[in-house]
Amino acid sequence: MIRNYIKTAWRNLIKNKVFSFLNIFGLAVGIACCMFITAYLYSELTYDTYSINSKQLYRVGITTLGNGSITDFPMVDIAVGKGMKDTYPQILASTRLTNRPMLVSYRDRQFKEQKIAVADSNFLQLFSIPLIHGDNKKALTEPRSIVITSELAKKYFGSESAVGETIKVNNDLMKVTGVINNIPDNSHFHYDAFISMSTFPQQQQTWSNVGYYTYLLLDKNADPKRLEAQFPQLVAKYVVPEVQHDMGVSIAEAQKAVNTFKFYLIPITDIHLHSATKYDIEANGDIHYVYIFGVLAFFILLLACINFTNLSTASSAKRSKEVGIRKVMGTVKSWLIAQFLTESVMLTSFSMLFALGIVYLLLPYFNDLAGKHITIGFFLNYRAILIELFLTLFIGLCAGIYPAFFLSSFKILNVLKGSSGSQPAKRNILQSSLVIFQFTVSTALIISTFIVYQQLHFMQNKKLGYDKDQLLVLNDTYALGNNEYAFKQQLLRDNRVVNASVSTNIPGNGNMGGTQIYPQEHTGDENKNEIHANIYQIDGTYLPTLGISLAKGRNVSPDFPGDSSSVIINQAAVRELGWENIDPIGKTIVRSGRRAFTVVGVVKDFNYTSAKQKVAPLMMLPVHRHGAIILKIKPANASALLHDIRKQWDDYRADGPFSYYFVDEQFASLYASEQRTGQIFTSFAVVAVIIASLGLFGLAAFMIKLRVKEIGIRKVLGASSGTITGMLSVEFLKLVLIAIVVSFPITWFAMHKWLQDFAYRIDINWWVFVIAGGIALFIAFITISFQSIKAAIANPVKSLRSE
């Protein structure tokens with residue numbers, strides 16, 4: 001019996017090539033998209049699970065309440081990890097990590113390596129990072145030990161063995177004690193080398209600052225929430241006395257100052273999707289996007305299944321006589337249902353194979369788009385194959401169950417007379433509802449795509465408060481030693497260079513200090529409005545080089561001895577310090593450590609981090625900070641200028657390679673994650689619209705087939721082809737209009753909520769909905785027109801001959 005079902009299904013497949021192809025193609029595309037999104041979500045949700053201790057490892061962070069919002073630091077001070085381990089027995093181990101880009105040299109090879117970390121001796125062991133060569137328990141024990149990745153080993157040593165070799169890191173000779181594979185893709189950190197923490201003299205064991213990413217290994221039975229509840233004891237014991245000493249106040253005042261200072265724990269498996277601070281090691285993902293893409297995958301697969309149902313039903317008119325003859329010959333309804341479900345599962349099986357082919361062909365492009373390294377093996381391991389087999393059967397039965405019951409319910413007399421007739425009104429209502437649903441989703445995706453790109457464009461083109469264009473940054477100019485200032489002056493003599501400044505604090509690079517500050521009147525009375533402020537160290541040409549405008553007061557320069565205690569603050573600091581209604585010039589700011597600064601200038605707010613975040617208070621101190629030269633250059637022939645600068649750099653025999661970047665390019669990289677997400681979303685939105693169009697095509701074919709005699713009579717009575725085309729199109733466009741109207745409030749609510757995650761955001765404009773609705777109508781009209789025109793120009797004699 002089953003063999004007969006399969007044979008009949010295959011014959012029907014070959015006989016109706018167009019509908020079979022549309023069925024298979026539409027469902028295959030939907031399944032392929034669902035596979036891609038599932039692989040992407042799996043990658044996002046399995047971050048940091050590679051460690052055997054992943055369920056017991058937690059990172060320690062700090063939150064403070066200031067400036068009307070919570071500031072989150074994912075790192076703590078140097079003594080916190082060990083102090084917590086010594087205090088609480090449920091903490092089995094602690095380990096620390098800190099970023100430290102360095103200049104690495106070996107023989108004639110010299111590079112500035114950005115991805116170097118300094119780590120405790122047990123770091124590799126706790127994170128289950130195996131060594132290809134060496135022992136991960138001992139590799140970082142001794143001072144001046146370094147563990148490098150196989151990629152870095154190849155870069156410096158070629159095919160030679162790296163273990164035991166000595167390389168120069170900055171000015172220290174270090175021994176390579178181990179080689180590891182590259183850090184897994186799904187890790188919240190990716191370093192090329194780890195240097196032993198014992199290499200560097202330990203600072204004073206303090207608790208109240210930040211700088212070290214600290215991880216705790218908890219006992220399997222430990223309750224992290226109960227452990228967190230005990231951390232205020234550590235704040236009172238260690239943090240409060242430090243703050244008292246720094247601020248020179250009483251214990252009570254110090255306790256008040258750190259009243260919102262809290263240690264917290266976050267599982268390492270939650271870091272990638274649930275930690276979104278500007279101080280994280282790398283840019284993280286967002287759990288909201290996981291939800292969005294999960295819903296998108298579900299809807300795309302659902303749209304594809306709806307298509308399958310609509311197209312199967314649409315082709316049923318051609319099989320009505322087959323059903324009638326089978327029933328006359330004694331076939332019972334259950335056998336007919338089994339027959340049609342077999343056909344459905346067979347089509348789904350072909351779709352699954354086709355989908356795997358699509359995945360194989362497009363996987364490299366998807367990886368480039370999503371920034372992932374997913375392999376085809378992800379879709380072909382035994383678990384994936386079992387899921388795919390189950391999905392094939394499930395989709396085949398679910399998508400085919402309505403057509404199976406619909407076809408098997410045909411009445412013998414009706415079908416043998418030439419009509420299908422099985423509750424057409426109810427059938428049409430169901431199919432119309434499915435098309436409305438499809439175009440509601442499609443229109444919502446079109447609107448969402450517009451708004452996503454508007455927000456990205458807004459962030460990338462928002463007035464930042466400084467001029468990022470034609471800003472060239474020369475890295476690591478400390479390698480010039482005492483010649484740094486002379487090099488800057490030499491560059492200024494080039495008429496292609498407009499201005500120059502020496503500072504490592506550059507908008508967008510995340511390099512800045514931070515401190516607690518509070519205002520103090522000249523009388524000595526303290527205003528208790530303490531806030532957190534970021535710190536930039538600048539020279540006298542910094543503001544004009546970057547085009548930062550002064551709102552009040554004057555510029556500063558470290559070349560003037562009187563400015564050593566002067567400071568420039570931004571408008572955000574003025575607001576948070578409560579000085580909106582008074583002149584801040586001449587006021588005194590006290591920094592933690594009891595050092596006082598006189599405000600001599602106020603700059604207009606500029607986005608020195610990302611436009612995703614609100615501009616935070618900033619203090620700019622006149623300090624000679626070596627390390628980078630910022631050049632404002634003329635736009636013409638930048639490549640020739642770079643060639644000349646490189647030559648001058650080599651002439652100074654700098655102790656390091658020449659490297660540079662443009663600020664506008666770095667600024668664009670701040671939004672790479674959002675840009676990538678927008679591209680993925682748009683790609684799948686386009687697919688959803690195509691699938692919905694196929695569904696509408698199926699419904700149009702079905703409905704017009706039912707009305708073929710009506711169309712023939714109208715033509716005999718004198719109706720023109722244009723009139724008939726218009727009549728048929730309007731009925732379908734009504735469904736699309738209903739879908740558009742339904743999608744508007746749903747999409748507005750969803751996108752309004754999404755935009756709340758951005759400190760600076762666009763307003764949702766009404767014309768976006770109009771354009772998206774117009775696009776949906778246009779797509780629907782093109783889809784319908786093919787079937788409408790075909791029916792309108794058909795010879796009425798053929799449709800009426802049975803009458």
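Me: Which residues is Tyr-542 in contact with, leaving aside its neighbours within four places in sequence?
Reply: Tyr-542 is in contact with Ser-501, Ser-503, Asn-505, Ile-506, Pro-507, Tyr-536, Ile-548, Met-620 and Ile-630; contact means heavy atoms within 4.5 Å. Keep in mind that this is a predicted model, where local features need pLDDT of at least 70, side-chain atom pairs count only at pLDDT 80 or more, and totals for chains, interfaces and linings use all residues. Residues are numbered from 1 along each chain as its sequence is written, and side-chain values use heavy atoms, with hydrogens and water left out.

Me: Nice. Which residues touch the most other members in the largest nonpolar core?
Reply: Tyr-542 is one of them, along with Phe-293, Tyr-536, Phe-606, Met-620 and Phe-684, in a core of 95 residues. Such a core is a set of buried Ala, Val, Leu, Ile, Met, Phe, Trp, Tyr and Cys residues joined through side-chain atoms within 4.5 Å. Buried means under 20% relative accessible area (1.4 Å probe, protein chains only).

Me: And which helix gives the most to this core?
Reply: That's α2 (residues 17-45), with 14 residues. Helices here are DSSP runs of H or I, at least four residues, numbered from the N terminus.

Me: What does the second, separate core include?
Reply: It has 79 residues, among them Met-84, Tyr-88, Tyr-215 and Val-249.

Me: Zooming out, how much of the protein counts as buried?
Reply: 52% of its 803 residues.

Me: New topic: how many helices and strands are there?
Reply: The protein has 26 helices and 24 strands; a strand is a DSSP run of E, at least two residues.

Note on methods
Buried means under 20% relative accessible area, exposed over 50%, partly exposed in between (1.4 Å probe, protein chains only).
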